[in-house]
Every structure is written in C-alpha cells, then in structure tokens.
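Trainee: Could you walk me through this model with a few questions and answers?
Mentor: Gladly, let us take a look together.
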Amino acid sequence: SNSNIFYDFVHSVIPFLPHMTTEALAYISAAIVGGVVSKAVLREKLFSKKFHHIITDALIFLVIGFALVIIASFGFDPLFTPIALIVLTVLGVETILYAKSLRALRLTTATRKLSAESAFIGDSISVDLEIENKSRGSLGPIVIKDQTPRGFKITTQAEDWILSIDGRSNQLIYYGIEPLQIGDWTFKSVEITLTDRFGIFKTVKSIPCESSIKVYPDMRKGEEFLKGRIHLGIRPIRRSAITTPQGSEFSGIREYYPSDDVRMIAWKAMAKSAVQEPKTKQHENEQSINTILVICNSETSGEGKVGSRKLDKIVETAIIFSYLALKTGGMFHVVFSRHGRIERVSGRPLEMATKLYNIEPDSQVDIEALVRYASKITQSRSLLLVVVDSPYPHKINSSSFKGGMISNHFLHGLL
C-alpha cells in the first residue's frame, strides 16, 4: 500500500539523514566561501583592513565545512544522530542570535565627551564613552575599542571592553588619558567588534565619533628651570632703577687701581684683610638682551618618538626662553615657517605656548628667508639663535646665515 511505501521510504532515509545534512552544509559553506572571496577580490582593495576581515570570516567558514565533512563520515554510527542534532541545534541557535545582534549593531551609536577642550602635556583627562543600542534586540558579546590618537596614553582601565547591551539601553565607559605630544588632536571613531559565544563569527564596525582637543607644551619645565637658574645669579631687572656712573648692580670686590674712584673704596673689606691692601667695589650696568629664536622646522624636525620629537624639544626650549625674557626684561621673538609662510610669535610664556603648540614640520621652509626676516625685527643689537635640523650626511649652507651676519646681531647656529 501507499502507506507502507511511505513508511519504507522514511525508514530507509532516516539513517542517512545526518550524513546528508552535514555533508550538504559542508558543500554550502564551501560555496559561500568561494562567492564571498571572489566578490572581495573584485570589489575590495587587496590587503586592506576590510579585505582582511572578509578573508578571516571566509577561512572560518571553510574550517567549518571541513569539520562537517569529517563529521559526515561518521554519519552511519547510531550514536552520531543525537550528537549531530544537538550540535546543529546549538549552532543554529547561535547563528540566529548572532544575526539579531548584527541587526542591532547597525543601529548602534557612540558618543564621547572629554573633560577638557585643551590641556597641557602631563595633565590628566577623563573620557566618557557612551554606547547606545537603539534596537529592541540585545547586542553582544561585543568588544569596544576607542580609537585613541597616538599622542596620548591610556592611564586607567584597559584599552578594550567586552560586554553586552540590552535593547533600547546604553552602556557608559569611563577611562583616563594623558597627553604626550603637542598639537591639535582628533578622536575620530569607536571600533565595535561583534562576535558569538564560540568565536565562529565576527563583524567589525567603525562608528564615527569625533572629539577634538588642543595640547599645549608643559609650562612646568620652564618654571622649574627658571627657579634653578635664579640661584645662579639671574635677577629680574628693575626698569625704574636709575643707573649710576659706576653701574647699578653690585657684583663684588676687587683689587684697587690708582684710576679707580676713591668713593668706591671698600673700607670694611680692606680692614678685614690680612695685608690691609685697598679694595674697591665693583658694579655692572643692568642690560636687557633681546633674543630672537629662528626655528627651521624642516621635514626631519618631526622625527622622534611620540612626545620626544625634535620639534617638541625646540618648543620646550622656546617656552624656557620666554620665561627668562619675562624675568630679565628682554624681548623674545620666535620665527618659523608654516606652509611656506613666515610667522612670528612673541609675548608672555602662556601666550607663546598657545601660538606654538600646533607648529608642524614644513617641507617649504626657507632658512635664508627666515634669518633675513628675523634680522629685521628690531634695530637694536640682539641675540639671534638659529635652530637648524640637518641630519648626517647633509651639509648646512653657511650662506643661509648671511642676512643675520650683516645685521650686526649676535648670531649663533644650533644644530
């Protein structure tokens, strides 16, 4: 009868069903791998980040296909049927959950808040990162990685966070960073990696989330250096002091010469000496020396580790000079090149820091033009310091300093 034929057919097919199912899934996995890789080769750039992710997922599918073929070879074992059904059920449920999380990932947004819009090197900055799941389904497990610029280091918590987010909810993440290098920095995006509990599937999404911050030079170095130098004899100039013919600053006592003014004889010092020889007081006139720092910020000035580039050290030196100029009464100017145009910066240390923090190497720098411009800033004789970066074996053309030599300034080249 027809019922007996149907029964016989089902009875004869069921023993082979696990073998056929697993082998068919293996063939389907291989077909998916071939199609995905072929499309990736045609549409994506070879060896790019996205191409790498596609190849990784394809290899995972290929390994699954090989595993299914091996499992299918045991399909005639009576114990295989329940084991295969359990494994396939777990994989099916995990695939469905991953597909729902993948749909939720498309509706996920990120918001970042920095505790400050500007900071100095060495300051502590807190970052508040909010990940919002706008879908109804849950999202996870996910790995969150904030794309922190290279000019910062993370001081608190790990760089990656592994968590799950329920539907219509958000997750707040807090961590701390410390600026290492001056300049304008931008946090561009947050990278979220979605995976399953067995690590079979993986999807990476970069969510745009821009935050900007300005990093200024460390002002404490200039203050500490200045305090150390004050003990060595550097004193602030009193602009209202009246200079006497002998000078306005006492510098010491020396031996008396017949041409010296008798009013300056140091009688007490002579009385205390063993030989009772005349001594005279020596004075020096107060002087304020104007300083002009010429920074030849060539392309090689950007070389070095993060926070320790040649250009970073030059800016730190400029800040120290500005502190010394503030205390000793002289004027201090900085001349450098920006996109082929000559710029001049002067003022107090803080003002100097806010104008020099974003100086960058310039391929169009002209040393001769910088020196010539600096020599015309002031008519009074000044100290002209030219910082040149010319790595070995390149030679420095001495004719580049000709403009400063003609101007009668005290010209010094610093390599």
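Mentor: At 59% relative accessibility, Arg168 counts as exposed, where exposed means over 50% relative accessible area, buried under 20% and partly exposed in between (1.4 Å probe, protein chains only). This is a predicted model, in which local features need pLDDT of at least 70, side-chain atom pairs count only at pLDDT 80 or more, and totals for chains, interfaces and linings use all residues. Residues are numbered from 1 along each chain as its sequence is written, and side-chain values use heavy atoms, with hydrogens and water left out.

Trainee: What is the phi of Arg168?
Mentor: Arg168 sits in the loop between strand S6 (160-165) and strand S7 (169-179); helices (H or I, at least four residues) and strands (E, at least two) are DSSP runs, numbered from the N terminus. Although Arg168 is not a glycine, its phi is positive, at about 55°.

Trainee: Is His339 buried or exposed?
Mentor: His339 is in the loop between strand S13 (332-338) and strand S14 (341-346), and its phi is positive, near 55°. Because its relative accessibility is 59%, His339 counts as exposed.

Trainee: How far apart in sequence are the parts tied together by Glu360 and Arg309?
Mentor: The side chains of Glu360 and Arg309 meet in a salt bridge at 3.8 Å, N to O; a salt bridge is a side-chain nitrogen of Lys or Arg within 4 Å of a carboxyl oxygen of Asp or Glu. Glu360 lies in the loop between helix H8 (349-356) and helix H9 (367-374), and Arg309 in the loop between strand S12 (291-296) and helix H7 (310-328), so the parts they tie together are separated in sequence by 51 residues.

Trainee: Which residues do salt bridges that share partners join into one network?
Mentor: Start with Lys310 and Asp389, whose closest N and O atoms are 3.1 Å apart in a salt bridge. Lys310 is in helix H7 and Asp389 in the loop between strand S15 (383-388) and helix H10 (402-406), 79 residues apart. Through shared partners, the network consists of Glu303, Lys310 and Asp389.

Trainee: How many salt bridges does the structure hold?
Mentor: One of them pairs Glu178 with Lys153. Glu178 is in strand S7 and Lys153 in strand S5 (residues 152-156), 25 residues apart. The number of salt bridges in the structure is ten.
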